Amino acid sequence: MVDVLVAEGLSKRFGGTLALDRVSFAVPEGAVFALVGANGAGKTTLIRILMNIARPTEGRALVLGRNSEGLSGTGFCDVGYVSENQDLADWTTVGGMLDYFRPFYPKWDRELEGRLVRQFDLPLKRKLKHLSRGMRMKAAFVSSLAYRPKLLVLDEPLSGLDPFVRDELIESLREQAAGTTVFLSSHDLAEIESFASHVGFLEDGRMLFSEPLGALMGRFREATVKGGARPETIPDAWLNFEAVEGGFRWIHSGFGGASSADEAWEVFGDAEVAFRPMPLRSIFLAIAKAGRGKRRAEGRAA
Amino acid sequence: MKQILHIFSKDARRFWPEILISLVILAAFVRVYPVNWLPQDAFHSRGFLQYASQLQILANVLTGLAPASWWLLIARVIHAEVLVGERQFWVTRPYEWPKLMAAKGLFLGVFLYAPFVAAQCVLLGEGGFRPWEYVPGILFNLLLLTGILVLPLVALAVVTSTLVRMTLTILGIAAGLGVIVYLASLSETSGVSAPYGDRYSVPATLVIGGSAIVLMYARRRVWFARLMLLSLPGIIGVVAAYVPNGAMVETAYPLATGMAAVADMPIQFAWHEGQEDHTAVTEDSRSDGVEVRIPLEATGVMAGEAVMLDDVMAVAEDGHGVARELPWRAVYSHYYLPGDWLTSVDLKMKRTEYEALKGKVLTLKLGLAMTEAKAEAVTRIALPAHDFEVPGFGNCAGAAGSNALMTNLGCWTAMHGPPLTYVKANLANAPCGEKRDVPDAGSLGGADAEGMHATAWVGSLENDPAEFGMTSVWSTQVSLSEGSYYGTKYLCPGTVVSFTRFGLVRRLRTVVAIPEFRIPEVMKGVGE
C-alpha cells in the first residue's frame, strides 16, 4: 500500500522552543489517521508543515509523494484542508464561496456539493461571517470535500462544536473515507475511536508511537494482580505500576496474550492475574501519566 | 489565464466601492485640475468663474486624494489574498502564485493604470494637445508612477497583513523620511543642481521592490522580503553617501583643462582689481553663517548661445598653505547671453570659518559649473486675444483671457515643464487700448527702444519624456521683467513676443583664481 503522508525526522524550532522533535510516521492510502496529543503537543505545527504553511527546521515530509515544501498551486487539487485556525472567505456567502472555489478544481463534483449542502442544511445566501462556528466548519467541509481530495487534512475539526454538528461531520467523514485518506488532529479521543484506523500520539513535540488503532488497542491492557510481593525490577512495558488493595495494578503496553500472563506469573509467582481491554481514552491517559512520571524521575535524577 | 480572470473578477466584484471611489476622485481631478492653467474665459464659459480660487484648492486636494485612493485600492486588493500569516484560506487552495500575481497586476492595470492613462489623455486634450503625440511621455510617466508610488505601495502591502498595519508602516516611513530630510537640510552640502544626481533611486526601487514582491508571492518569505525593503533606503543612502554632491557635480561637469579647452570656453569669468569694493558680506540669520558676494565679469558668450551658471564652490588658501573648502551648492537664475555682464556669486560659510578667514590675504579659487546652450528655434508671435500655440514650447493664454498678472503670460506644456526658453516682449507704459508705444521685441541679445524691453527665462534642459506627476499638463507662468520697478507696465494684444528655445550643447567646469583676496567685514543691517 502506498503511503500518502510520510514524515521523516521533522523538527521545528521557534526561537529556543523545540515544537517538534524528529517526528517520523507514515500514513497509508485509505487510512483515517488520528493525531492525538494534549494542547501544545505540536499537532497544529505538524499539520502546518504538512500543508506548507510553515517550514520544518529539519527533516522533510512527503505529501502525496511530493515534498511538502513544494506543495502549492495545483498540488492542492488533491488535498483538502480544514482547520479551526483558518480564516474563511468571510466577505462572501456560502454559495459565493463555493462558486469561487469550484473553477479551481477540475474534479469538483457538483452533485456531491449539492448533497453535502443539503445534508448540512447550509444557507447558501448567508455570508460566512454571519454563520455560527458549527455552520462555518460545515461550509469549510463542503468546500474541501466537494472535489473528492485524495488527502483530507483536518486540524481540530470537531473542537468546540455541539454534539449534533459533530455527529454530522463525523458521518460525512465516514462517507468520504472510502476514497480519501484522512489525517486529523484531535484531543477528543472518544470520537476518534469510532472511525480512526490509525493513530499517532504526539507528546511535547515527539511522536511516541504511530500505528493501526487495532494494534494499539490490542497491545494495551489494564493488568491487576492479587497477592504477591512488589517486584524489584518492573519490565519496561509495564506502565504506571502501583500498589492497590490486596495487590498491584499496571498498564501493559506490550500485551501478548498468554505470554504476558506467563511474564506476570514469573514476577509474582502463583498469583491471580487479570488483563482487561482499555478504551482509547484510558490508553492515552495512561501514556500521558507514564510520560509525566518518567520526566519527573529524570528531573529528580538530574 | 482562466485563473487570472477568475481572481480578477472576484476582486472587481468585491472591491467595487474602492474602485468607484478612486474613479470618482480621478474624474473629479480631471474635471477640476485644468483650473491651474486654463484662462479665465474658459472658466467663464463653463459657468464657474466665480469659484476659480476654490477650484484651485479643490484641484490641489484631489491631487493628493487620488494617490490616497490608490493606496486604499492597492492595500485592499493585495490583502484580499494576504501573504503574511498562517491563517489565510487561500494558501491551501490551488492558487498558482504567478497567476495570483498576474491577477493583481491585471486589477491594477484595469482600475489604476488605465484610468490614469485616460486621465492623462483627457488632460492633454483639455490643454489643447494631441495625446497620441505624447505616448512615450505617458508611458514614461507610468514607469515613474510605478517606481515612485505603485510599486512601493504594493511592496508594503505584500509584507503587511492589514490596512492598519500598512498605514502604520507608511506613517513610520514618512516620519523616518522627515527626519532624514531635516538632517539633510542641516547639511551645508545639500542642494546642488547637478543633473543626473539621482538616477538610481527609481531603478533601485523597481529592482528591490519588485524582487520582494515576487519573493513574497513565490515563497512567502516575510522577514526576508521585509529586510530587502528595509535595505532599500539604506542602499540609496549609502550610494548617496559614497557619491557626494561634489562628486556628482564634478562627474556631470568635466573640468576644462589645457590651453585649447580654456580658449574654447563658452564664457569667461574674471575678477578685476578694484572689485573688492563690491565684495559684500551679509549675515545669513537662518543658518547662523554669512554670505560672501563676489562680483565677477562674464564675457564671451557667442551669438546664438547662452550659458547658465549652475553650481559654485570655493577653496580659500591663506599664505601658510592652509586651505578651506566651501562645498558645491546650487546658484539660481544665472543666465548669460552675448555681451558683457557684471555678475556675482554668493558663497555661504559658517560664522567660524568666516572669522578664521576674515582679514587674511587669501587666494580664492572659485569652481564654477556651467551649462552651454544653443538657440535652436525662435518663434515670434503677435500676442493674440485668444489662446495660442508656441511650437516646441506649449500653449499660452491670449491677452484677453490671461489670468496672469499684467506682465505675465500664462502658459502650459505637455508631460513636463517647458524646454529652456528665453522670452522677450516689449511692455507698454499705458493700459492696453490707450495710446502707447510698443516696439517690436527685436532680435536675441539686441537692445530695444523705449526701455520697456522685458525678458524672462523659463524651463529647463531636462529632456526626459515626462516629469512625474498626476497631471500630464504643466502650467508655467512667464514673468516678464524689464528691470525697472517704476510704473506699471502692460502686455497688450498685438505685442510681439519672441520665444527662443535653447538646446543643450555641453556641461563643463572651470576655475577662477582670485589672488590677494580679502573678505571684508559684515555689512550691518543687511540680510537680517
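The structure holds one disulfide over all chains, a disulfide being counted where a pair of cysteine sulfur atoms lies within 2.5 Å. In general terms, a disulfide is a covalent bond between the sulfur atoms of two cysteines. The model is a predicted one, in which local features need pLDDT of at least 70 and side-chain atom pairs count only at pLDDT 80 or more, while totals for chains, interfaces and linings use all residues. Side-chain values use heavy atoms, with hydrogens and water left out; residues are numbered from 1 along each chain as its sequence is written, and chains are lettered from A and ligands numbered from 1 in the order in which they are written.

The disulfide joins B:Cys396 to B:Cys411, with a distance of 2.0 Å from S to S. This pair links distant parts of the chain, since B:Cys396 lies in strand β10 (residues 394-396) of chain B and B:Cys411 in strand β11 (residues 408-414) of chain B, 15 residues apart; strands are DSSP runs of E with at least two residues, helices are runs of H or I with at least four, and both are numbered from the N terminus. The link of B:Cys396 and B:Cys411 is right-handed, with 100° about the S-S bond. Both B:Cys396 and B:Cys411 are buried, a term that stands for under 20% relative accessible area, whereas exposed stands for over 50% and partly exposed for values in between (1.4 Å probe, protein chains only).

A:Cys77 counts as buried because its relative accessibility is 13%, whereas B:Cys121, with a relative accessible area of 24%, is partly exposed. B:Cys432 is placed in the loop between β12 (421-426) and β13 (453-458) of chain B, and its relative accessibility of 37% makes it partly exposed. Leaving aside neighbours within four places in sequence, B:Cys432 is in contact (heavy atoms within 4.5 Å) with B:Tyr490, B:Leu491, B:Cys492 and B:Pro493.

Helix α5 (residues 97-126) of chain B and helix α8 (residues 201-219) of chain B have axes that come within 8 Å and cross at roughly 130°. That angle makes α5(B) oblique to α8(B), as angles under 35 degrees count as roughly parallel, over 145 as roughly antiparallel, 65 to 115 as roughly perpendicular and the rest as oblique. In this contact, B:Trp97, B:Leu100, B:Met101 and B:Lys104 in α5(B) meet B:Ile213, B:Val214, B:Tyr217 and B:Ala218 in α8(B).

Notes: Axes are lines fitted to C-alpha atoms, for helices over the stretch in contact, and angles run from 0 to 180 degrees between N-to-C directions.
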